[in-house]
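Good morning, and thank you for coming.

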Amino acid sequence: MKELSYENLIVEIDEKVAVVSFNRPKALNALNPPMLEELVDCLQTLEAKEDIRAVILTGAGEKAFVAGADIKAMAEFTPLDAKKFSGYGQHLMHFIEDMSKPVIAAVNGFALGGGTEIALACDFIYASEKAWFGQPEINLGVIPGFGGTQRLSRACGKARAIELCLTGDRIKAEEALRLGLVNRVVPHEELLDAAKAVARKIASKGAVSVRAAKRAVHAGFDTDLRNACRIERDAFALCFAAKDQKEGMAAFMEKREPNFTDSLE
Ligand code: CAA
């Protein structure tokens, strides 16, 4: 298996959980094109590794998760460059949602612009008390380009999203929790442990049903209820093709813990 060694990312694997840290602390982990390319490569590699069952994204250094797309790299973009860059970022966000394993954002500091957008593309967000969220692109004379105008409104409602995108205001972790962007806020030093604990809990379930649940929620989210329920029905049925369904139900009836093996046979 390919070595997961990058210039702008740190990857640590422990007990089926991969922790990927954005690592340009001097630029507050701003996303420049090389870092985005490395992230695509890294996530594709992790997706292919069956022994990795959950991924955590976080930021190296004391201050930032990701302070946005790299403004210095974008300053001289032509409209065509901007369209390509936005398309590349949007594609990456879709890839995160489409991954078969959960991707958890552990937001340790500034998550601004592209930082909020990456966090919102993850399956859920845990935040440190020191985290900040926002879409400050309006202050640069532009708008979010990695899906922020769309995922933000889906996460916290249209009016809140418009206010955040038009004012460029930053919100603290507690406010993000209140708006429903964040699942949990924890003391700064406990963030990674909290994210690892929930990742390990999910990793202990059957891979087939974890994948089916994630797919059903994502695929159904932008669909009308009837079609979304059809998606769920197919995903539910698929679980019965896996050994884990027999094991999970047998374990319940035998009053013991299940031993999931992820096998389809
Ligand atoms: N791009 C490039 N460099 C950045 C950066 C970014 N998004 N954010 C921070 N940096 C750099 C700074 O330029 C600075 O570098 P130098 O020391 O070489 O000058 C270094 O990181 C430290 O930053 P500050 O000195 O500004 O730190 P601070 O603590 O005073 O402020 C901050 C922190 C409030 C996050 C501030 O850095 C800031 O406002 N950053 C920009 C945030 C932003 O506008 N993000 C949106 C980007 S556009 C986008 O993301 C578009 C999209 O949707 C794809």
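Around the ligand, the shell consists of 13 nonpolar, 4 polar and 7 charged residues. In this count, Ala, Val, Leu, Ile, Met, Phe, Trp, Tyr, Cys and Pro are nonpolar, Asp, Glu, Lys and Arg are charged, and the others, Gly among them, are polar.

The model is predicted: local features need pLDDT of at least 70, side-chain atom pairs count only at pLDDT 80 or more, and totals for chains, interfaces and linings use all residues. Residues are numbered from 1 along each chain as its sequence is written, and side-chain values use heavy atoms, with hydrogens and water left out.

In total, 24 residues surround the ligand, and K63, A69, G114, E117 and E137 are the closest; to belong here, a residue needs a heavy atom within 4 Å of the ligand. Helix α2 supplies the largest share of the shell, 3 residues; helices are DSSP runs of H or I, at least four residues, numbered from the N terminus.

Which part of A69 lies 2.9 Å from an oxygen atom of the ligand? The atom in question is a backbone N or O atom of A69. A polar backbone atom of G145 is likewise 2.9 Å from a ligand oxygen atom.

The largest nonpolar core has 51 residues, of which F22, L57, F65, V107 and F133 touch the most other members. Such a core joins buried (under 20% relative accessible area, 1.4 Å probe, protein chains only) Ala, Val, Leu, Ile, Met, Phe, Trp, Tyr and Cys residues through side-chain atoms within 4.5 Å. Helix α1, residues 33-48, gives the most to this core, with 6 residues.

Technical notes. Buried < 20%, exposed > 50% of the residue type's maximum accessible area, 1.4 Å probe, protein only. Helix = DSSP H or I, 4+ residues; strand = E, 2+ residues; numbered from the N terminus. Polar contact = N/O pair within 3.5 Å; in protein donor to acceptor, adjacent residues only side chain to side chain.
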